[in-house]
Amino acid sequence: MTEPTLVTLRPATEADRLLLWAWRNDPDTRRASFDSAPVLNAVHTHWFRAALRRNSRRRLYIVQVGGVPAGMVRLDFWRREAWVSINLAPAWRGKGIGPMALRLASAKAFSRSRVARLIAQVKAENQASRIAFERAGFTLGSVQDAGGKVLTFTKRGPTLASALP
């Protein structure tokens, strides 16, 4: 599959709130999520606005294809790591956008001097996410059973990776 060439990331804004809420409540997204319950708008609004605060350790990016919103990538920073999550809009799934968005998000995360490793957790049955993370350079690190198999992918930063044997 050829990947689109006009994939970009931009910081999420208040104007994106309802779009992200709709994507989060999409049935396929809910099946792939660790918390599959529908999210009420009031709960989402509180979470979203907290994520947009400048002092938040979370960064939300809108994935765009040719300037059109196509999904969201979230980075949760903690010490020298960033936890990565991705959700593409239903119309944009299966088009090769995920790996490109994850590579762009990786570059943003590693541009923060302290970040040495990215981590993502995926349900084992979520084949699309597994493939996207692998194509974006993440490596399967572990498999856990937490009421269903959970795969943990990692990606090391360029400076750390080159220092390792």
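Biologist: Let's start simple: how many helices and strands does the chain have?

Modeller: In this predicted model, the chain has six helices and seven strands. If you read along the sequence, these elements follow the pattern β-α-α-α-β-β-β-α-β-α-β-β-α.

Biologist: And what is the radius of gyration, next to what a compact globule would have?

Modeller: The chain has a radius of gyration of 15 Å, and because a compact globule with 165 residues would be near 15 Å, the value agrees with that expectation. Taken along the principal axes, the C-alpha atoms fill a box of roughly 50 × 35 × 35 Å.

Biologist: How much of the chain counts as buried?

Modeller: Of the 165 residues, 42% count as buried. The accessible surface of the chain comes to about 9300 Å², and carbon and sulfur atoms own 56% of that surface.

Biologist: Now for the aromatic rings. How many aromatic pairs are there?

Modeller: The structure holds two aromatic pairs. In one of them, the rings of Phe 133 and Phe 138 have their centres 5.0 Å apart and their planes at 80°, and because planes over 60 degrees apart count as edge-to-face, this pair is described that way.

Biologist: And how is the pair of Phe 133 and Phe 153 arranged?

Modeller: Phe 133 and Phe 153 form a stacked pair, with 6.1 Å from centre to centre and 15° between the planes. Phe 133 lies in helix α5 (residues 127-135) whereas Phe 153 lies in strand β7 (residues 149-156), so this pair ties together parts that are 20 residues apart in sequence. Through these ring pairs, Phe 133, Phe 138 and Phe 153 are linked into a cluster.

Biologist: Which residues does Val 122 touch?

Modeller: Leaving aside neighbours within four places in sequence, Val 122 is in contact with Phe 34, Ser 129, Arg 130, Phe 133, Lys 149, Val 150, Leu 151 and Phe 153. Val 122 itself sits in strand β5 (residues 117-123), and it is buried, with a relative accessible area of 5%.

Biologist: How far is Val 122 from Asn 55?

Modeller: Val 122 and Asn 55 are 67 residues apart in sequence, and their C-alpha atoms are 27 Å apart in space.

Biologist: Let's change topic to helix α3. Where is Asn 41, and what does it contact?

Modeller: Asn 41 is in helix α3, which covers residues 41-52. Beyond its neighbours within four places in sequence, Asn 41 is in contact with Arg 17, Leu 18 and Trp 21. Asn 41 counts as partly exposed, at 29% relative accessibility, and its C-alpha atom is 32 Å from that of Val 115, which is 74 residues away in sequence.

Biologist: And Trp 47, what is it in contact with?

Modeller: Trp 47 also lies in helix α3, and, again leaving aside neighbours within four places in sequence, it is in contact with Arg 58, Leu 60 and Arg 74. Trp 47 is partly exposed, with a relative accessible area of 27%. The C-alpha atoms of Trp 47 and Asp 76, 29 residues apart along the chain, are separated by 13 Å.

How values were computed: Residues numbered from 1 in each chain as written. Predicted model: local features only at pLDDT ≥ 70, side-chain atom pairs only at ≥ 80, totals over all residues. Heavy atoms only, no water. Helix = DSSP H or I, 4+ residues; strand = E, 2+ residues; numbered from the N terminus. Rg over C-alpha atoms; globule rule 2.2 N^0.38 Å. Buried < 20%, exposed > 50% of the residue type's maximum accessible area, 1.4 Å probe, protein only. Areas by Shrake-Rupley, 256 points an atom, 1.4 Å probe, with all protein chains shown as cover. Contact = heavy atoms within 4.5 Å. Phe/Tyr/Trp six-rings, centres within 6.5 Å; stacked < 30°, edge-to-face > 60°.
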